[in-house]
Amino acid sequence: MWTDDIAAKVAAVDAAVWSRMLELMVLSRKTDERLIKLYHQGAIRGSVFASIGQEAIGAAAVLNSAADDLFAPCIRDLPVHLGRGYSPVDIFRQALGKTAGPTRGRDGNIHYGNPGGGVYAMISHLGAMLSVLAGGVMARRRRREKTIGFAFLGDGATSTGDFHEAMNLIAVRDIPVLVIIENNHYAYSTPTHRQYRCENLVDRALGYGVDGLLIDGNNPGEVYITMKDIVEDIRSRPRPFLLECDTMRMRGHGEHDSFAYAVPRLIQKYTRRDPIRMAVRGMKSAGLITDEVYEALEKRVEAEVREASRQALAEPGPDPATLCDGVYTDA
């Protein structure tokens, strides 16, 4: 249920926004579920890193963005790709290594982006993309554009040198980047209590000299409203902001990971706080959706995703003769 302290702001948001957010989360969930199925059927040669349980964060960021904003998603931010221009068939083409996919069959994994949608291809999930995004935002603002950036990192990435250096840079230069830490309690198999000694990662904001906030990353209403307030603020007063989202990934690091190390009570806690279920409960209590409308949405999205996977499966992979295309050029 949406919390009382943001109830008034939630009620003031157009109902179409909540409908779009729910649809985007469901589309991401159904696409992930189909990717997982394809992986275990042996159709995907790379791996699958599911966003299940974390959909509210990426969806809220997309819905609070402008057309000229830039994104640096991490491995569990499928709603960003789907919300900034890619369709499920694009995602399946990428995972299946198809010629028509974002990386033209050169990569069947997560290293893809969408330049037209302002989404950088993820070269690393270990903190390295924050500096890339910062550079992109700086370049655009020097051209008098009003671009801001949305950077996504896991809790483990905040322990890397790349992250610390980039945070210092954006703080000193007042680069308007919303740094979103998706704290899902594990850096691969390393629990948070073995990663850092501060109580919360947002506590580090003081050391960088930036504003920071900790929120419930599984509460769609809280995530959307909080991001809306932050984004409006950093557009008017350009500077970085550190936002820690408490969440949980509901599967292993990737589908190759059994997740046997996960603490059962954490899984149980966050299963009860599934962001899609929370969104539906909140929308029902506000009179914005009925069980029948939600069931129809699920069926429509499932059909769309099923057809997209069939289409991608039927398409060709790259011709081996083109292996060196785009790698070498004549002198």
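Visitor: What order do the five strands of the open sheet come in?
Guide: In this predicted model, the order is E1-E2-E3-E7-E6, and the pairing is parallel.

Visitor: Which ones are the edge strands?
Guide: Strand E1, residues 70-72, and strand E6, residues 211-216. Each of these pairs on one side only.

Visitor: How many degrees are neighbouring strands turned against each other?
Guide: On average 15 degrees, with direction ignored.

Visitor: And what packs on the sheet?
Guide: Helix H7, residues 161-172, packs on it. H7 touches strand E2 (149-154), strand E3 (177-183) and E7. The direction of H7 makes about 150 degrees with that of E3.

Visitor: Back to E6. How many bridges does it have with E7?
Guide: Six, and E6 and E7 (residues 241-246) pair in the parallel sense.

Visitor: What stands opposite Gly212?
Guide: Leu242, which is in E7.

Visitor: New topic, Phe241. Where is it?
Guide: Phe241 sits in strand E7.

Visitor: Is Phe241 buried or exposed?
Guide: Phe241 is buried, because its relative accessible area is 10% and buried means under 20%.

Visitor: What does Phe241 touch?
Guide: Leaving out residues up to four places away in sequence, Phe241 touches Val177, Leu178, Val179, Asp211, Gly212, Leu213, Ile230 and Ile234.

Visitor: How far apart are Phe241 and Thr160 in sequence and in space?
Guide: They are 81 residues apart in sequence, and 19 Å apart in space from C-alpha to C-alpha.

How values were computed: Residues numbered from 1 in each chain as written. Predicted model: local features only at pLDDT ≥ 70, side-chain atom pairs only at ≥ 80, totals over all residues. Heavy atoms only, no water. Pairing = 2+ DSSP bridges. Helix = DSSP H or I, 4+ residues; strand = E, 2+ residues; numbered from the N terminus. Axes fitted to C-alpha atoms, helices over the stretch in contact; angles between N-to-C directions. Contact = heavy atoms within 4.5 Å. Buried < 20%, exposed > 50% of the residue type's maximum accessible area, 1.4 Å probe, protein only.
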